[in-house]
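This briefing is meant to be read beside the sequence and the structure.

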Amino acid sequence: MTHDPSVGVRRRHLPTSWGGAPYLLGLPALLLFAVVVIVPLAMTVLLSFHDWGQYKGIEPVFILKNWREVLSDPYYGEMFWRTFRIALAVTVLGAVFGAPEAYILNRMKSPWRGLFLLVILGPLLISVVARTLGWALLFGGNSGLVNKALVSLGLISAPLPFMFTETGVVVALTHVLMPYMVLAVWAALQRLDPQVENAAVALGAGPFTVLRRIVLPQVMPGILSGAIIVFALAASAFATPAIIGGRRLKVASTLAYDEFLNTLNWPLGATVAVLLLVALVLIVAGASRLVERRYAQVFG
Amino acid sequence: MSFLALESLTKRFGSHPAVDGLSLAVEQGEFVSLLGPSGCGKTTTLQMIAGFVEPTSGAIRLAGRDLLAVKPARRGLGIVFQSYALFPHMTVGENVSFGLEMQGVASGERARRVAETLELVGLRALAGRFPRQLSGGQQQRVALARALVIQPQILLLDEPLSNLDAKLREEMQIELRQIQRRVGTTTILVTHDQAEAMALSDRLVVMNHGRVEQIAPPHEAYERPATAFVASFLGKTNLLDGASVRPEKIQFAGRGLAGRVRARVFQGNHWLYQVETGSGLVTVIRQNTGEPMPAEGEAVCLAWNSSPPQAKLGEVSAQQTEGS
């Protein structure tokens, strides 16, 4: 290797005895991170231990009242259970539709692939609120477009309730979050050696066997990482459950919002928010640990 | 009748002919190499045999039956891909076992044959490993075992050694040849490496621009190249009086073609000379016998034996080149 003399010269001026330079350089970013993330988060956690009364407002004391209420009252239990049930349904639907979508996209020829990638990713360019309001229009009441279509296709005999139901929230959230799943699976598909499928065919495997035994196991890490992203985003989604679910069908994020802005019981809202965060971090971290351990040996 | 017959096989991509009227007859147990530069149509030919590419016209017959009417998954050919194309999510044993599973071989029989084939390629101990835990050479053996375990009628090798370093490649050449001899599977190798093709094959099919330049055993193709292309592709050559003369056939003598040594390079077991002569620059290779050799700038005379007759290129290239 050739030696660049200027490097040696410059290095001589650096304080080589003190290794703190990287930390010093990282300080501005660390400060920004602390100010915009750590401090508000810590304050929210602290807030969840404060007291609140209809007339006295927030009292900066340390009590466990909010936590006891949230953990013991079945109302909150059901609401959290609903949040994660919706997130799970969205994740499963996203995988069931998103993975084949990515596979088809990957097999498309040059001009079409770009076009359809744009179609799939296009929704990301539009605000979630606008997209969800679009779904609200489609669902809207018994004469909504979706119901009309389903009835006239003969798939259902009477209109289904979509607005203010879990079904509606799941459908709209799946559409909103699908691009993340498609992207994750697509990335995994691009790492696939196309010859591997040919190798399986040459060994006598039919098209379905190739998909099930060869392609699917190899893109499984992609599907699982897509699932983690979609699950986390679905469980913490606000706009879509707020618009489609409304006041009647609350999830953790809309409940926290209501406690903060309508009831003005900030400490209780903070408790719900912190609990959602902790539960999500545990689930996501646990899932990715599991995925990593399962596939470390195979794919590294 | 020959075992595998390609009959005026042609493949056009658009108007560009990738393979142009290729005819080849391969005998059972034979090791034939398709040799040529990239883009000569050798890989396309292999893929047509495998069934991944459909020919524009022509026929492929295997043991008398029409292979083109058989789906790729039913052809029962063993293929070793350039990238090995191992199943990364399966262990070595599972990789080798896959083809037998597809054939519906019972699990006991399957385990026995997998163990047997892994033994053949010397990987018995690594059956539980995943492909990425293996070296390139080991992955290559797994790919070979996976192709051989189904006892294919034909083994197709697509540049199987090109991803290995030079030393390992030589070892694998010898081993590949030994395994093929022992198993006796009819084998077709696609390669751009003329040394590899000559080391391994019973016969060479030298291709260029989608056409066959010569079909002959390696020694014959080297000694009597049918065309200028074959002569230059199969190693170094000099064009003297319209004939191809190999550098190692030329000696320094008391009389002959006069010239001056322009450069010499020591390559261990031999010397490589460039000699300026009246007929242009001549390459000469001399064995290193330990005796003193002409130095750079020295005046020398070149002599070579023109019998057995060197191919007169002008005549032969006009002839139709047919398989032996």
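Among contacts in chain B between residues at least 6 apart in sequence, 64% join residues at least 24 apart, where two residues are in contact if their C-beta atoms, placed from the backbone, lie within 7 Å. This is a predicted model, in which local features need pLDDT of at least 70 and side-chain atom pairs count only at pLDDT 80 or more, while totals for chains, interfaces and linings use all residues. Residues are numbered from 1 along each chain as its sequence is written, and chains are lettered from A and ligands numbered from 1 in the order in which they are written.

**Overall build of chain B**

- Chain B holds nine helices and 17 strands, counted as DSSP runs numbered from the N terminus, with helices (H or I) of at least four residues and strands (E) of at least two.
- Along the principal axes, the C-alpha atoms of chain B fill a box of roughly 75 × 45 × 35 Å.
- Of the 324 residues of chain B, 41% count as buried, meaning that 20 or more other C-beta atoms, placed from the backbone, lie within 10 Å of the residue's own.
- Chain B is divided into domain 1 (4-223) and domain 2 (245-304), with bounds that come from an automatic or database domain assignment, and 40 Å separate the centres of these two domains, taken over C-alpha atoms.

**The six-stranded sheet**

- Six strands of chain B form an open sheet with mixed pairing, in the order E6-E7-E8-E3-E9-E10; two strands pair if DSSP finds at least two bridges between them.
- Strand E6 (78-80) and strand E10 (211-216) of chain B stand at the edges with a single partner strand each, so one side of each is left without a neighbour in the sheet.
- From one strand to the next, the twist averages 15°.
- H4(B) packs on the sheet, where it touches E6 and E7 of chain B, and its direction makes about 170° with that of E6(B); axes are lines fitted to C-alpha atoms, for helices over the stretch in contact, and angles run from 0 to 180 degrees between N-to-C directions.

**Strand E8 and its partners**

- Strand E7 (residues 154-158) of chain B runs parallel to strand E8 (residues 186-191) of chain B and is joined to it by five bridges, with Leu189(B) as the bridge partner of Leu157(B).
- Strand E3 (residues 31-35) of chain B also pairs with E8(B) in the parallel sense over five bridges, and the bridge partner of Leu34(B) in E8(B) is Val190(B).
- Thr186(B), Ile188(B) and Val190(B) point one way from E8(B), whereas Thr187(B), Leu189(B) and Thr191(B) point the other way, and all are buried.

**Contact with chain A**

- 19 residues of chain B are in contact with 18 residues of chain A.
- Helix H2 (residues 92-102) of chain B gives the most to the side of chain B that touches chain A, with three residues.

Note on methods. A residue is buried if 20 or more other C-beta atoms lie within 10 Å of its own, exposed if 12 or fewer, and partly exposed in between; C-beta atoms are placed from the backbone.
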